[in-house]
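Subject: Structure handover

Hello,

Here is the structure I said I would pass on. My notes on what was found in it follow below.

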Amino acid sequence: MQYEQSEKNKKMSTPAVNSHSNDELANLLAQCQLGDKKAFSLLYQKTAGRLNGIAYRITRNVDTANEVLQEAFIQIWKNREQYQSYKSEPFTWLASIVRYRAYDRLRYDKNRPHNNTIEFDENDIIEEHFSEVNHYYQMLGIDEYNDEVLNNCLSKLEKKQSQSILMAYIYGHSREDISNYFDKPVNTIKSWIRRGLGKLKLCLSN
Amino acid sequence: MSEQLINMNSKAARYQNTHVIEHLASQFVLGMLSRRVHQRVVKLSKNNILLEQRINFWQQKFICIDQNTAELPPSEKTWSMIANELDFDRVTKKEREANICTKLYRWLTGFFDLATNKVTLVFSFIAAIFAILVAVNPINDNSDPLRYVAVLTEQSGQAHLVASTYGESQKLIVNIVNSPKIAVDQSLELWVISKTDGEARSFGVITKGETLMEHQLTNAQWRLIKDSQSLIVTIEEHGGSAIGEPSEKVVSRGLCVRLQEWNENV
């Protein structure tokens with residue numbers, strides 16, 4: 001399967017998940033909790049594209065992304081009782097399951113010998129991701145459904161702090177990956193991320 | 001107060017420290033914790049409201065990035081594999097066939113003296129293989145050949161379960177022939193031991209009360225099966241191992257036997 005259309009173009013053409021769709025997802029999850037398989041199928045239809053996109057963003061392999069999506073939806077069904085609407089938005093819950101599975105899969109594939117699931121040279125990928133991080137700043141700024149809070153708060157950090165945080169969240173890069181890119185010790189990266197998160201927490205909490 | 005109790009209290013107090021909680025929560029959401037620590041935090045968050053709240057806080061703040069990630073339509077077979085794994089369409093047939101396998105095994109073992117473990121072990125193996133080969137194969141609609149089988153036996157020599165795959169279907173069929181009793185707050189978990197690195201990797205929790213399970217394997221899990229040396233079942237806390245590693249309470253184990261040459265083109 002070819003992922004031909006660039007990420008940037010797709011972002012402009014497909015609407016983000018909004019509060020209306022979150023209500024719909026919440027209703028579907030509630031029905032799933034009653035054992036409604038048709039509701040689960042509908043939940044899949046409405047979210048699989050976005051969730052698969054998240055998996056691909058992190059694993060950088062189409063087949064692996066599909067596997068992560070499959071495992072995530074099995075986990076979603078088996079753990080459907082755990083979702084509670086007063087604790088988090090439905091899409092946040094779904095996306096988090098996919099994201100953590102993708103991070104885990106990325107680590108596993110990196111550590112396997114004779115790994116053939118990562119398609120590109122790791123250093124080239126990191127370079128590409130660092131340049132693409134700026135697109136996310138722009139995206140956060142113009143998205144009508146976003147209250148721009150995250151964008152504003154990230155802009156108050158030192159650039160390397162915000163870049164390091166976004167590289168970890170968006171692409172699943174480890175401290176070692178980021179350390180190699182900046183040619184700084186891992187402990188320096190840990191310090192950047194820790195300080196950046198501290199400032200971010202204060203800004204986001206206000 | 002004993003040293004052990006002091007250590008336990010120190011550990012518990014650490015997870016009430018707001019700085020520790022904030023660190024764990026933010027690193028958790030960024031995906032920067034090791035697999036072991038990640039699973040530990042998942043377990044902790046179920047009993048630590050503050051930790052759970054901080055994880056939810058960070059997840060909710062960053063979610064706009066995910067909401068605006070470009071969509072990628074999944075493969076057409078992904079949904080059918082999910083539905084198959086969750087057995088959405090095959091419940092009644094599965095229950096019927098599970099009864100046949102279990103009754104056949106018990107009928108065969110009833111004819112023999114179970115005085116020695118060796119006799120039980122050998123006969124359990126033969127009877128389990130017979131049950132799989134001759135009795136109903138729940139998914140073998142196309143008469144796929146038996147490719148891989150492992151009979152897991154307890155220390156007493158009695159067969160616990162039989163795991164098998166057929167053809168290239170990438171389905172793992174688990175027949176539970178004699179499940180040990182475990183406490184309400186415990187679960188049985190199935191692990192595959194790799195021939196390459198000797199590591200154990202989980203294939204999930206065995207659902208209580210089930211006698212027949214079908215597990216649609218991903219390509220990665222399929223490779224694990226082909227690389228497998230043996231399977232084990234362990235007793236874990238309810239829901240499975242929190243640290244991604246098997247406990248020392250091994251209930252049963254069995255070598256993996258390949259009955260046919262593999263086609264390596266996966």
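I will start with one side chain: A:Arg50 has a relative accessibility of 4%, and since anything under 20% is called buried, this residue counts as buried. Please keep in mind throughout that this is a predicted model.

The partner of A:Arg50 is B:Glu71, and the two form a salt bridge whose closest N and O atoms are 3.4 Å apart. A:Arg50 sits in helix H3 of chain A, while B:Glu71 sits in the loop between helix H4 (49-67) and helix H5 (76-85) of chain B, so this pair joins two chains. B:Glu71 has a relative accessible area of 28%, which makes it partly exposed.

A second salt bridge is formed by A:Arg57 and B:Asp66, with 2.8 Å between the closest N and O atoms. This pair also crosses between chains, running from helix H3 of chain A to helix H4 of chain B. Are its two members buried or exposed? A:Arg57 is buried, at a relative accessible area of 2%, and B:Asp66 is buried as well, at 0%.

The interface

The two chains can be described through what passes between them. On the side of chain A, 66 residues are in contact with chain B, and on the side of chain B the number is 47. A:Gln70, A:Tyr100 and A:Tyr169 supply 12% of the area that chain A buries against chain B, more than any other three residues. The size of an interface is often given as the accessible area lost when the parts come together. Between chain A and chain B the buried area is about 5400 Å², and carbon and sulfur atoms give 62% of it.

On the polar side, 19 residue pairs are in polar contact between chain A and chain B, counting pairs with both residues at pLDDT 80 or more. Which helices of chain A supply at least two residues each to the side that touches chain B? They are helix H1 (7-13), helix H3 (37-59), H4, helix H5 (90-111), helix H6 (122-142), helix H8 (159-171), helix H9 (175-182) and helix H10 (186-205). H3(A) gives the most to this side of chain A, with 12 residues. The interface of chain A and chain B holds 5 salt bridges, and the structure over all chains holds 13.

Helix H4 of chain A

H4 of chain A covers residues 62-78, a run of 17 residues. At 1.5 Å a residue the helix should span 24 Å, and its end C-alpha atoms are 25 Å apart, which agrees. Of its 17 residues, 14 are buried, so H4(A) is largely enclosed by the rest of the structure. Its N-terminal end is capped by A:Asn61, which has a side-chain oxygen 3.0 Å from the backbone nitrogen of A:Asp63.

Chain B

Chain B has 266 residues, and 52% of them count as buried. Its secondary structure comes to 8 helices and 8 strands. Among the contacts in chain B between residues at least 6 apart in sequence, 63% join residues at least 24 apart.

One salt bridge within chain B is between the side chains of B:Glu22 and B:Arg54, at 2.7 Å from N to O. B:Glu22 belongs to helix H2 (residues 18-30) and B:Arg54 to helix H4 of chain B, so the pair ties together parts that are 32 residues apart in sequence. B:Glu22 counts as buried at 12% relative accessibility, and B:Arg54 counts as buried at 16%.

The last item is B:Glu154, found in the loop between strand E1 (146-153) and strand E2 (159-166) of chain B. Which residues does B:Glu154 touch, leaving out those up to four places away in sequence? They are B:His160, B:Asn178, B:Pro180, B:Val251 and B:Ser252. B:Glu154 and B:Gly254 are 100 residues apart along the chain, yet their C-alpha atoms are separated by 9.0 Å.

Regards

How values were computed
Residues numbered from 1 in each chain as written. Chains lettered and ligands numbered in written order. Predicted model: local features only at pLDDT ≥ 70, side-chain atom pairs only at ≥ 80, totals over all residues. Heavy atoms only, no water. Helix = DSSP H or I, 4+ residues; strand = E, 2+ residues; numbered from the N terminus. Buried < 20%, exposed > 50% of the residue type's maximum accessible area, 1.4 Å probe, protein only. Contact = heavy atoms within 4.5 Å. Expected span 1.5 Å × (residues − 1). Polar contact = N/O pair within 3.5 Å; in protein donor to acceptor, adjacent residues only side chain to side chain. Buried area = accessible area lost by both parts, 1.4 Å probe. Salt bridge = Lys/Arg side-chain N within 4 Å of Asp/Glu carboxyl O.
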